[in-house]
Each structure stands twice: as structure tokens, then as C-alpha cells.
Amino acid sequence: MSGGNVYVRDDEFGWLGAKINSTDGGKADVTVYVPTDSEGKKKPKEVKRSIKLSEYSGESLPLQNIDADGNLIEKEDMRDLPSLHEAAILYNLKTRHEKLNPYTRVGDMVIAMNPFQWLTHLYSEEQRTLFADKIIFKAPEAGDPRKGLPPHIYETSAMAYRGLAAHGLHQSILVSGESGSGKTETVKIIMKHLAAVQSLSADSAIFSADATDAIVKRILESNALLEAFGNAKTVRNNNSSRFGKYIQLQFDVEDGRSAELAGKKLPTCVLAGSINNTYLLEKSRVVGHESAERTYHIFYQILAAPEDVKTKLWGGLAGATNSSFKYIGDCEPLLIDDMTDGQKWEETANALAGIGIEGEKFDTFMRAICTVMQLGNISFAENPSNSEETIIDSKDELNKLGDLLAVETSDIEKALTTRAVTIGRETYDKPLKLSESQETRDAFAKEIYFQIFDYIVAVMNTMTSAENNYDKANEVQEFGRVSLLDIFGFESFEVNRFEQLCINYANEKLQQLYTLDTFRSVQEEYEDEDIELESVTFPDNASVLRLVEGRVGVIALLNEECVRPNGNDETFVSKVCLVNKDNPDMLQGRLFRPYEFAINHYAGTVKYDARMFVHKNTDNISSNLLDLACKSSNELISVELKAAADARLAKPSGGRKKKGQSTTVATKFRSQLTALMNSISETRTRYVRCIKPNPEKLPVRLNLLSTAEQLRCAGVLSAIAISRAAFPTRLHHEDFIERFDFLSSARFGDDEDEKKVEAGEGNSSSRAYVEKVVLDILGDDTTVKEEGQELTAYACGKTRVYFRSGVLEQFEAKRAAALSTHVITMQRYARGYLERSHFQKVKASVIAIQATMRRYNRRKLFLRILQAAINISCWVRCIYAKKLLIRLRKYKAATIIQKYWRSALFFGYFTKCRAAAITIQKTTRGFLTRKHNMEKTEQNMRQSKTFNKLKDFKQSILKLGRAAALADAIAEKAEENKLEGIEEQDS
């Protein structure tokens, strides 16, 4: 299938996308696209590889799910992926995780990727209301109510609520995953949503009662207590649950008939209470932890409390810090839910008060925890006089412990350094060695803390159970249950001890349940599709469970070794390997040490280190320690340890009844697990698988290798193997037609069935059309051989078409071949078009170049002619201009001659005229002067005559006469000047 897009295995990345270059027998040459950065933003590097097909299932490489455009297909429900396998799941999850879509469906199961950041928009009030309305209150009468909704954890809680209300079936939600995957947070989200659903119902007035509100508040606050006493910081998670818990939310479910008569669409469910069951608390963390880890949160919260509170609880806490107690150790401050240890102390104290632990009871409770802390400060030394005996060398710390327990220090020293041994009817104290005394001290501390934890759980159940707190408890025949299981995921470390065996045993039991549920869902799917389900083989872990819990299994032989005198771990391993040597899941390697053995679990092989198995399984405290506890004035220590010891010694059929009565830890855990499985088997089970996308706890980044390992440990891959056991690949009718219709002779419009298929209408006629297309493509090759049997290569359901292993690959090969033929034809036309286009462009370019050259040459010639014409014109103009210049010069000379000639003529004429004018002026002036003089003479004569008459007035007008004479002189002078001017003008 040359050119096909596939996945290949890679040691670093798990799976990588690749493209097949060629295949030759059992090998395939591929181009692998290797990422060059952790964020995938840079272009991947292409690497050529040769792949052995024999290393892959069906000797074929898993196909990539890509669309017609070559893009990776992303599905909200991974059952809709055409090719469903490990690589397809990984890359679908990776695509959604990078888009900040942490939830993905696989049928009824939800896979939750921890985004390592709080996505507020996913948990808003609108989202809670949306899922409650669509799935619960306004759900359609038929069909999947989740249709049209994106995958979300709210759908799991809403479906559980609906299943309880509508069908009256108890519900359980199993949440699993490794540390740091978000299990605890997921359970809290589910609980809050189930509690909030009540207020969203049409009958919310029912839930406003103070009593009910108080119960709901206590239920939700119980998480804070469980986290404080059962959670700790690990290398993988800052708030890791170090125990398993099974929370049973109790609902008062209204009778369906009553709800129908009242006109309700859905019966009302009232959250009435809850019961917590816990499993396998990690007691070893109380007395020791890695340097990068912490012990349980409650210890740090006590030390972070206000000084006055610490002093009131116990004087030894005054001024104490983490480093003051060896069990606690010094560590950096830690924020949990953005709260410090001091703030968490307030939260824990309030939560304890909410369940009735306050006042003197609170002080007693906290002193018991201080006792555990103080036990770690007790140090031992060998007795100088006898190396086989031990003494306590930290007397000050011993006195403080005696003050806490209110017992004599000698009694404490005796209980920690000796052990009572009974032989016959006599009892004597046997001295303990140094290491044995330390183990005794640690065992006492672990037992006290374990009983504190059990006590707090018991009190919580008393304060939150519906039987004790719900007002209408007497009226309820049976409470409906929505149970939440927050269980530790499958574990496989470099060194696996007794705790890992118990954890993996629990996961084997849950995997068996999950396998059966998955097979049941496959049956339902095939029935819905009207396909006959043939005999299907699927992975079964029954042999592993027989190996662990069988009559001669690991637990039975371990219990036997615990009661045998001088029983030890190596003998236990030897017996287990010998008795179960025929079990294929029991492995004993040649290089294994005498205390090592391995079990082939569903998620992989795990090698166990059996050292301390016998000791941890026995888990009994000596009678000396029990007597010491009974002497204590702290009732929590004295009463609870005595009751626990009585419970261990009591037979299951008699004595004081208490949860999980058994002799050994393994037997007790097996009984608890059996009860748990019986409880779950009575419910409709839903699954949530939490995945930690990367060890660094960084947002928007997915490590394919670790994610694949978690999917394997979560049983997701084995469940897929079951769902695809008969028909590994499947396609919706419309997807099949879109992808393969062109291979068939039938064409669109030839058959009405095809139109219905294209419209997405799945019915018998469309089913017939799809089957017709399949047969047309397959021809006579309609069967395949699997394990020597001839089986039908496909099955056509109502909405999907199913294929046996390798059949879809054949379809893809035929599709690739057909597309290759069409592509070659398209390439031919495309190349012809491109060449013609190129020729036309070249031709147009040549013509343009030619035109440019011609224009250039013509222009060049034109410019030369133009320049020549200009030169000739210039020469001609010069000749004409020269002639004109000569003519103008002659004209100018003649003009000058004329000017001077005329000037001479006019000057002579002017001279004559001026002389004549002067003469005329003289004559005129003479005439005028004479006339004036004559007039003056006459005037003088008249004046003379008058003078005689005016002689008397002569003196008075003398001056006037003189003035007149002067004026006359001036006038004469002016007249003379005037005449002179006229003469000058005439001349």
C-alpha cells in the first residue's frame, strides 16, 4: 500500500506518524516524521526506516485516521474512529489535549486528561445546567441523551443521576489512574455536580430544608478531612491519595408511579447522606518517606497552626517546626488548592467541628496525632552490658511521650524494648535487639495513626449516613446509591513490594469487571446493529486472579507462612513458585533473587520484592504495646487499639462485629475487595479513566510513551481489543460511501438507497445499498481465514459496516490504487495544462521582447533622423539668420544716418525757430514793458494830481506808499523774470 499513512513504533515517542514508500514481503520502507521539539511547533524531521511487519498485529501497520484533505480525524467518541488501535487513541487524545479538551469518550467510559490548569469555562454554572437539562430534566424519550454534547465528566454524573431516577438502578462510577492523574479532583467534581443537580431540578423547593442542606454540606466537606488524613505529597503529585475510597452517596428516590401521578417527567432524587469505605491506607508513610516527599498533610497542618492553639493542644508543640519531629522532616512549604498548611488547618478544624469533633474531644484527637509524631523522636541504643538488649537513650523525648500518653516512662520503655512471649502457661519478656525495637516503635506509630484514620472515617459515616441523619429515613425502604470509587491505579516500579501486590490485585479484580462490562456493551452494540455475534475470544485475567486469590495462590500461601513458626519471605517465594509453576502468569527468572518473583498482569509483567511480605501481612502489634495503649488516658488510643486487636483475633462468625474482620492484612483486603465487587455488581457501572499527560506536570503537553503505558494499565487497550475482537475496524455508512463509493460500479443517483445514505438515514434500504457497494468492491473474495476458519470478511449493520482484521487495509489499498490511477490521469492533464501555460507565457514573453527590441531599434533610428533634421534645420536657420543679421545691420546703419541727418535738419530748423522765438519774445516783452511803463507814467501823473489833493494825508500813507512801491518793484521783478523765462523757452 505505497503512499499510505500509518503509524510505526518508536522507543522514544511510543508511536510516530509515517508514510509507506514501498513494501517487499515482510518489510516496509517508510518515511517517519520525528518531532524536533517537545511542543511540536517546529517542522518534524523526515527519517527513512525499514520496518518488519511481523512485529505488528496482522503483519500490517496501523492506519492513520485521516480525511480526504489529509488532516487527522478527531473524534469526541473514539468508537467512531475508522481505525481504532493504540496509536489512533494516542493521537486523538493528543489532538484534543492540545486544544484544551481534556475529556474524550469511549462509549460509556470517559477518559480525563489532567490539563494541569483549572479550565473555568468547563465547570461554570452554565455547563452544569446544560448537562443537567440535556441528560436529566429535558432528555429525549429515546436515543442517547448525550448526543450533541461534548464529552465531559458532568455527563457521567448526570447519566448516573438519570439512571437512578428514571430506572431505579443503583449506580457506580469507577475512577482510576496513576498518582497525579487527577482522580481526587475528578471525584470532587462529580460529587459537587450530583449535589448541585438537586438545586437545578424543577422541584428545588424540596431541597431547601436546613437538615438536608447540612447533610450535603457535611458530605462535601468530608473530602477535606479525607485529604488531610489520607493524602500526601509524592514525587508524582502534591496531593496524592494514599488510600482507596468507595463513597456511597445515598438518595431518597421518589417512586416512579407517584412521580407520574404528580405529572413529573422524572422522579425526584434527594441526596440524603453518604457512607465512606476506605481501603489499604499506606501506613508505611507515617514513619518514613523520600526526601522529595511528605508524610500526611495533617501533621504539617498541626505544626502550621497558631502558637496559642499548639500550646493548648500540647506543650511540646510550642515553637515546634517540621524539623522538630523525625517522622515529619524538614521540607519546603506547599500550596494545595492555593492554600497554605496554616489555612488548611483552619479548614480541617472546621470540618472536624462539622462532624462533632470539637472541644475536649478535639484536643484528645489531636494529642493522639501528636503521640504519633513524638514516637518518631524516640531513639534507641544497645545496652552497654548486653548487645542483645536495647535501651532508650532519648530520655527527654521519652518524658514528653509519657506526658502525652499519661503513662509511666518505664512502661513505655518496657513496651518498646521487650516482647511478651508465652510458653505453655508461662509468659516472660524477651529483650529486643536495636532493629527490632525500632520496628516495634514504628509499628506502634503506624497502628495508632491507622486507628485514627479509621476512627475519623467511622465518625464521618455516623454524621453523614442517611440512616442517622435524614429526616425521612424511617419512610425509606431502601436508599438509592450512586457510588464513587477512587482507587489507586495499576503500579509497576523499580522495586514493587507488598503494597503494590495488593494494589495490582485490586486492579485485576476491577479489570475483570471492566472486561465483562465491555463485552456486554459489545453484545448490545451488535444487537442494536442487528449483527450476529460469533464466538469471540478476548483477554481474560482469570488465571492471574486464581494465582493471587486461589486456594494455593499468593495470598493463601502468604497467610500460611505468617502462621508458620519462623516463617520468612524467601520460603514464601519458593512455595509460591513451586506450587504455581504450571500457571503461565507465574514467572520466576533465572536471575531473580530468592525473594523475588513476577506476575504477568493484564497491564504487563511486574517483579515483586517479597522482603517484609510476611511482616507486613501479619501487621499485629505485641501484647506489650497493647497493654501500653490500654494504660493511656487518651481514650482514642486506648479504646480503638483494643477494639482493633479484638477484631483481629475474633473469628468472622463471632465476636464483636467490625468491618473487615480477618487475621492478616491480605485476607482482610481480599474480604474488603470481595464485598466491594459484590456491591459494584449490584449497580450500573460507569468508568472514568484519569490520565497524567506528562511527568513534568506541564499544561498542553502530552508524552505519548507514558500516556500509552497509562492507557494499558487502565485497561483501555484491552477493552478496545475486546470491542474489536470480531471486527477490528468499522465505519459509519455515510463515511464508507464518502470514502469508497467511487470504487463501485454504482453511481450516485442510480439507487435511491445511496441518497438515503448520503443523508445519514440508516435503515434497511441504505444497509442494502452499502452491502451492495461492499460486495462490488470485494468481488468473490468475501471471506478471510482466521485461526484456520473461513469467516465472513465483513458485516453490515444498520448504521455501520464492520470489517475483519486486514479487510479495511485491502479496501484502503484498492482505494489507493484507484486514486493512484486517477491521480496519474489528473497529473497528465495538469502537466499538459502547466506546460501549455508555460509555453503561452514563454511565447508572450518572446513577443514582448521582440516588440521591445523593434521599438528600441525604430526609436534609435528615429532619434538619429531627428537629430540630423535638427542639425540641417539649424544650419539653414543659421544662413537665413546671417542674411537677416546683415540686412538688419544695414537697416540699423541707415537708421543711424537718418537719425543724425534728421537731427541736423531739425537742429537747424530748431535754431532758426528759437532765434525767431527769441526775437518775437523780445519784441513782445518790449511791447509789454512799454505799455506797462506808459500805464505807470499815467498812473504817476494821476498820483501827482492826487498828491496835491492828499498832501495832508502824505505822512499817514507814506508808509503805505512805500509798501506799494516795494510791491510794484516785486511785481516788476516778477514780470521780468517771466519774460526771461519765455525767452529761454523760445530759444
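Helices (H or I, at least four residues) and strands (E, at least two) are DSSP runs, numbered from the N terminus. The model is a predicted one, in which local features need pLDDT of at least 70 and side-chain atom pairs count only at pLDDT 80 or more, while totals for chains, interfaces and linings use all residues. Residues are numbered from 1 along each chain as its sequence is written, and side-chain values use heavy atoms, with hydrogens and water left out.

Pairing is assigned where DSSP finds at least two bridges between two strands; strand S2 (residues 14-24) and strand S3 (residues 27-34) run antiparallel and are joined by six bridges. Aspartate 24 stands opposite lysine 27 of S3.

Attention now turns to strand S16. Nine of its nine residues are buried, where buried means under 20% relative accessible area, exposed over 50%, and partly exposed in between (1.4 Å probe, protein chains only). In a regular strand the side chains alternate between the two faces of the sheet. In S16, Gly480, Val482, Leu484, Asp486 and Phe488 point one way, Arg481, Ser483, Leu485 and Ile487 point the other way, and all are buried. Strand S7 (residues 171-177) runs parallel to S16 and is joined to it by seven bridges, with isoleucine 173 opposite leucine 484. Strand S10 (residues 244-253) pairs with S16 in the antiparallel sense, also over seven bridges, and here tyrosine 246 has leucine 485 as its bridge partner.

Arginine 481 lies in S16 (residues 480-488) and glutamate 682 in the loop between helix H23 (665-681) and strand S20 (684-691), so the pair ties together parts that are 201 residues apart in sequence. Arginine 481 counts as buried because its relative accessibility is 13%, whereas glutamate 682, at 53%, counts as exposed.

Across the whole structure, the search finds 46 salt bridges. One of them joins lysine 433 and glutamate 388 at 3.8 Å, N to O. This pair links distant parts of the chain, 45 residues apart: lysine 433 is in the loop between strand S15 (426-431) and helix H14 (434-464), and glutamate 388 is in strand S13 (residues 386-392). Lysine 433 is partly exposed at 41% relative accessibility, as is glutamate 388 at 43%.

A further salt bridge connects glutamate 560 with lysine 575, their closest N and O atoms being 3.3 Å apart. Glutamate 560 sits in helix H18 (residues 554-563) and lysine 575 in helix H19 (residues 569-579), 15 residues apart. Glutamate 560 is partly exposed at 39% relative accessibility, and lysine 575 is partly exposed at 22%. Finally, salt bridges that share partners join Arg105, Asp108, Asp144, Arg146, Glu155 and Arg684 into one network.

Notes: Salt bridge = Lys/Arg side-chain N within 4 Å of Asp/Glu carboxyl O.
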